[in-house]
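User: I would like to go through this model and ask what the labels rest on. Please set each value against its definition.

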Amino acid sequence: MWLQVEGLKKDFPVGAGLFQKPGFVHALRGVSFGLEKGETLAVVGESGCGKSTLARCLVGLMPVTAGRAQLGEEELFGKTSDQWLPLRRKIQMVFQDPFSSLNPRLTIAEVLEEPMLLLNSHPDAVIRAGKIRELLEKVGLPQTVGPRFPHELSGGQRQRVGIARALAVGPELLICDEPVSALDVSIQAQILNLFLKLQKDLGLALIFITHDLRVAGLVSHRVAVFYLGEIVEEGRTAEVFTNPRHPYTKSLLSSIPRGLHSPDLPVIKPLEGEPPSPVNLPPGCAFYSRCPQREDRCRENNPQLKPTSPTHRIACWPETD
Amino acid sequence: MLLDVKDLSVDFQTAEGVLSAVKSVSFHIDRGETLAVVGESGCGKSVLALSLCRLHNEPPARVHGEAVLIDGENVLTAGPDRLRDIRGKRVAYIFQDPQVSLNPVMRVGDQIAEALLVHNPALTREAALQKAIEGLRQVKIAEPEKRVTEYPHQLSGGMRQRVMIAMAMVLQPALLVADEPTTALDVSVQRQILDLIDEKKREHSLAVLFITHDLSLVYERADRLMVMYLGRVVEAGDTATVMKQPHHPYTKALLQSIPSLTAEPGKAFYSLAGEVPNPMARPKGCAFQNRCAYAVDHCREKEPPLEPFPDGRLVACFEVKRVVAS
């Protein structure tokens, strides 16, 4: 695999108050996956499952607790911020909220120029100006937005700027953290189509983080379903969505509103309760408390990912034994 | 008919001029019925919801029109005392983000009790708290005796929305206005909350005004729907009738913009070009013309009126025949 992540763990210390024992939020609890060049992996799960932490670890915005990751020949973790700089030409990120992720004091042209200056990817000012024009065109923005400020643009236009900024230094891997969640449906559709087009034109690899399974189904080749900091099911998107094996994936798919567009999945009883707190988790399967298929052994031993087909893995005792 | 809105408009006085957020909207809701109001940001759906109880600051807002009748009583001409009674007792609201709708420094039990005490001065505090506990039990919160003493930050997002529903329901309103009640919640919790609202609707023949941007929820939950664009209703009717064959190009585009789980991966799907125009610079003619695939010269001249069709729906479009045929 081109990108290989092994045993990624991230803990955040919490508590340690006057009457509280210090504890850890185990945001990522040993995550392993791979990604090929030009491939899209969707990372899906509910709030607090560790999807955004994963994004931040992969772009070096926070140190990891344990684990390793390789992109081509290059190690990603355990680097200082100086050592990270050359890697940023390869890995870029698109954020959820196009309102807070653009500097309000920079014009759009300056926003797009900044990464080129920081990484010294295009030393010549004339070339940079040409590159900015090219970027605006690539993401479908008129050239007239160049001298304007972020507050003058709509949400959809701002997200296009966020994407153009990520593309400025010519990355090979784009990590997108809920890039369409803040947008209206008709604008969301435009931006999703833009991602599909860019991937085709530029051969980008994407890690696409979303809570919306329908969005994941549309953009991704493979999907990884997260629950409380672990991958519980991973495989080819079509395979996972038409033949979900993990009880959590089944209930997630069943929670999708039955519209005119939903597939013929069996409607199962909705999940009760909410995910438990990720502080000091019990030893067994994290889904135990809500699982309709739970058995005694699930409380004692946390299941590991096991293949059910060459392109499909799940972490569940009752389903794999 | 529980709620009858006739030709309601809401304007806001701003520094740049008058912004018309809701323009001549008429609709009704019966007891035990769910009407969904669908549209994207800025279409006026939330402004419309708040104006039903005159919850805007007036000025800068100006709420005007023929009438907003709740059980025959006109909200537009009601005095402050009557309005206080209508708010809460007749019409209750739940909002998108329970985090900001709840008071962070007040125990949830006290917040529910407060609503009861304001409307029933004869009630004792103890009795109100008892009712609050009962209210929490009704929305299926485990250990309600313990939960009433907790603060909002101690509850999860889904639990907070249950508290909001409990608070709305303790006064036994006839109409529940749910403004994007599950947009901030996870999918598995979303279903629980919508099931709970449906259950209350059946138990109390509650009328529900369900405001959402998500058409796929509407199909499952609403009896009728009303699609808004830039402050006006563009299509309204029975949910199944409208969604199976939308007559307005905007309704059609919204439906096509919902990504399908079974789409062919990597294949581009339909998307509506352009964006909603600035409400301060409303175009002449139809507000949707700049994004519409069916627009003709006529649409740029005249605003299409909302007209009835044989199947009972209302549509504001000159080119319905072409939309349906394509």
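User: Where is Pro60(B) placed?

Analyst: Pro60(B) is in the loop between α1 and β4 of chain B. Helices (H or I, at least four residues) and strands (E, at least two) are DSSP runs, numbered from the N terminus. This is a predicted model, in which local features need pLDDT of at least 70, side-chain atom pairs count only at pLDDT 80 or more, and totals for chains, interfaces and linings use all residues. Residues are numbered from 1 along each chain as its sequence is written, while chains are lettered from A and ligands numbered from 1 in the order in which they are written.

User: What is the peptide bond from Pro59(B) to Pro60(B)?

Analyst: That bond is cis, with omega near 10°. Glu58(B) and Pro59(B) are also joined by a cis peptide bond, with omega about -15°. Pro59(B) sits in the loop between α1 (45-51) and β4 (61-64) of chain B.

User: Why is Asp71(B) called partly exposed?

Analyst: A residue is buried if 20 or more other C-beta atoms lie within 10 Å of its own, exposed if 12 or fewer, and partly exposed in between, with C-beta atoms placed from the backbone. Asp71(B) has 13 C-beta neighbours inside 10 Å, so it counts as partly exposed. Its place is the loop between β5 (67-70) and β6 (73-74) of chain B.

User: How do you know whether Lys140(B) is buried or partly exposed?

Analyst: Lys140(B) has 15 other C-beta atoms within 10 Å, so it is partly exposed. Lys140(B) is not a glycine, yet has a positive phi of about 65°. The loop between α5 (125-138) and α6 (144-147) of chain B holds Lys140(B).

User: What makes Val225(A) count as buried?

Analyst: Val225(A) counts as buried because it has 26 C-beta neighbours inside 10 Å. It belongs to strand β9 (residues 222-227) of chain A. Two residues are in contact if their C-beta atoms, placed from the backbone, lie within 7 Å. Leaving aside neighbours within four places in sequence, the contacts of Val225(A) include Val44(A), Ile231(A) and Tyr248(A).

User: Which residues have the most contacts inside the largest nonpolar core?

Analyst: A nonpolar core is a set of buried Ala, Val, Leu, Ile, Met, Phe, Trp, Tyr and Cys residues joined through C-beta atoms within 7 Å. The largest one has 194 residues, and Ile207(A), Leu175(B) and Leu209(B) have the most contacts inside it. Helix α7 (residues 157-169) of chain B gives the largest share of this core, eight residues. Not counting residues up to four places away in sequence, Leu175(B) touches Ile29(B), Val91(B) and Leu209(B), among others.

User: Why is chain B called as compact as a globular protein of its length?

Analyst: Chain B has 13 helices and 13 strands. The radius of gyration is taken over C-alpha atoms, and the globule rule is 2.2 Å times the number of residues to the power 0.38. For 326 residues the rule gives 20 Å, and chain B has 21 Å, close to that value, so it is as compact as a globular protein of that length. Of its 326 residues, 49% count as buried.
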